[in-house]
Amino acid sequence: MSSLASDWKKPEYLQQAFVEVALRNEYDTGKHLVRKWTQPIGIWLDHRVGDEKKHEALARMHMEHLAAITGHELQLVNELDKANVHLVFTRQSRWLQEVQSLLGSGAAKNLHGAVCMANVATNIKDEIVKAWIVIPVDQAQMHGKLLACVVEELTQIMGLPNDSDKVYPSIFNDKTPQDLLSGLDGILLKMLYHKEVIPGMDETRVKAILTPVLKRWTRDGTLANADKVIREGKLYPLLGY
């Protein structure tokens with residue numbers, strides 16, 4: 001797959017990008033089936049550090065953007081018992097402990113080089129039913145990645161779990177200069193949450209579904225206008241877009 005930014009609006013590129021980001025996993029080499037939410041998403045923000053209002057504002061703005069792109073319901077909830085997503089804002093000194101507690105001891109081996117981390121649980125139908133995110137705020141700020149952590153981890157738990165150097169420009173590629181969703185990322189989310197894309201689909205089936213969809217989006221301007229449309233999210237003016 002070419003990595004030229006100008007190539008990403010081609011349907012063939014988008015099909016391969018979807019396979020890379022949706023049907024692969026960051027921490028294993030196996031092939032996976034489509035994973036996505038079918039139930040509304042309720043997110044509980046667990047503040048274990050200060051700046052609660054700032055962190056909530058960043059999360060809320062990105063959640064609203066994800067909902068607008070996918071048509072899927074995301075909302076904040078005020079109790080853990082009502083949540084299917086547990087997002088912890090913590091500090092570096094508790095990073096290992098929080099990851100082991102929330103994501104399991106196996107996740108701790110993937111901490112090296114990570115600034116923040118997320119994981120999801122699926123049922124037998126490959127529907128995502130729970131997710132956990134851990135953001136050590138001081139560590140993220142030290143790397144200039146607090147906003148990037150909020151955006152990337154909330155986006156990945158939607159069902160796009162893999163990072164790939166083959167997908168550009170994208171928050172799933174560390175070589176992409178911006179910390180917000182690219183037009184490509186917006187289209188990948190729209191592809192995943194298209195009504196005909198069902199959890200449990202394999203690569204062959206999902207490509208057959210998405211081929212006519214991408215042709216239609218080529219004709220109607222959805223792909224051509226994606227970079228402009230993605231900047232309608234509330235986070236973009238904060239960074240001067």
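Me: Is Tyr-241 buried, partly exposed or exposed, and at what relative accessibility?
Reply: This is a predicted model. In it, Tyr-241 has 42% relative accessibility, so Tyr-241 counts as partly exposed.

Me: Which residue forms an aromatic pair with Tyr-241?
Reply: Tyr-236 does. The two rings sit edge-to-face. Their centres are 5.8 Å apart, with 70° between the planes.

Me: Why give both a distance and an angle?
Reply: Because a pair of aromatic rings is described by the distance of the centres and the angle of the planes.

Me: How many aromatic pairs does the count come to?
Reply: One aromatic pair.

Me: And Tyr-236, buried or exposed?
Reply: Buried. Tyr-236 has 2% relative accessibility. Tyr-241, its partner, is partly exposed.

Me: Switching to helices. At what angle do helix 6 and helix 7 cross?
Reply: Their axes cross at roughly 135° and come within 11 Å. Helix 6 is oblique to helix 7 because of that angle. Helix 6 covers residues 183-192, and helix 7 covers residues 203-220.

Me: Left-handed or right-handed crossing?
Reply: Helix 6 passes helix 7 in a right-handed crossing.

Me: Which residues make the contact?
Reply: From helix 6, Ile-187, Lys-190 and Met-191. From helix 7, Leu-210, Leu-214 and Trp-217.

Me: OK, phi next. What is phi of Asp-51?
Reply: Near 60°. That is a positive value in a residue other than glycine.

Me: Where does Asp-51 lie?
Reply: In the loop between strand 2 (41-47) and helix 2. Asp-51 is partly exposed, with a relative accessible area of 48%.

Me: What is phi of Asp-126?
Reply: Phi of Asp-126 is near 65°, again positive in a residue other than glycine. Asp-126 sits in the loop between strand 5 (117-122) and strand 6 (127-136).

Me: Is Asp-126 buried or exposed?
Reply: Buried, at a relative accessible area of 19%. The cut-off for buried is under 20%, so Asp-126 counts.

Me: Now Glu-56. Where is its place?
Reply: In helix 2, residues 52-70. Glu-56 is partly exposed, with a relative accessible area of 29%.

Me: Which residues is Glu-56 in contact with?
Reply: Leu-45, His-47 and Leu-76. That leaves aside neighbours within four places in sequence.

Me: How far apart are Glu-56 and Asp-46 in space?
Reply: 9.9 Å, C-alpha to C-alpha. In sequence they are 10 residues apart.

Me: Last one, Gln-139. Which helix is Gln-139 found in?
Reply: Helix 4, residues 137-142.

Me: Buried or exposed?
Reply: Gln-139 is buried, with a relative accessible area of 6%.

Me: What does Gln-139 touch?
Reply: Gln-92, Trp-95, Ala-114 and Val-115. Residues up to four places away in sequence are not counted.

Terms used
Residues numbered from 1 in each chain as written. Predicted model: local features only at pLDDT ≥ 70, side-chain atom pairs only at ≥ 80, totals over all residues. Heavy atoms only, no water. Axes fitted to C-alpha atoms, helices over the stretch in contact; angles between N-to-C directions. Helix = DSSP H or I, 4+ residues; strand = E, 2+ residues; numbered from the N terminus. Parallel < 35°, antiparallel > 145°, perpendicular 65-115°, else oblique. Left-handed = near helix turned anticlockwise from the far one by under 90°. Contact = heavy atoms within 4.5 Å. Phe/Tyr/Trp six-rings, centres within 6.5 Å; stacked < 30°, edge-to-face > 60°. Buried < 20%, exposed > 50% of the residue type's maximum accessible area, 1.4 Å probe, protein only.
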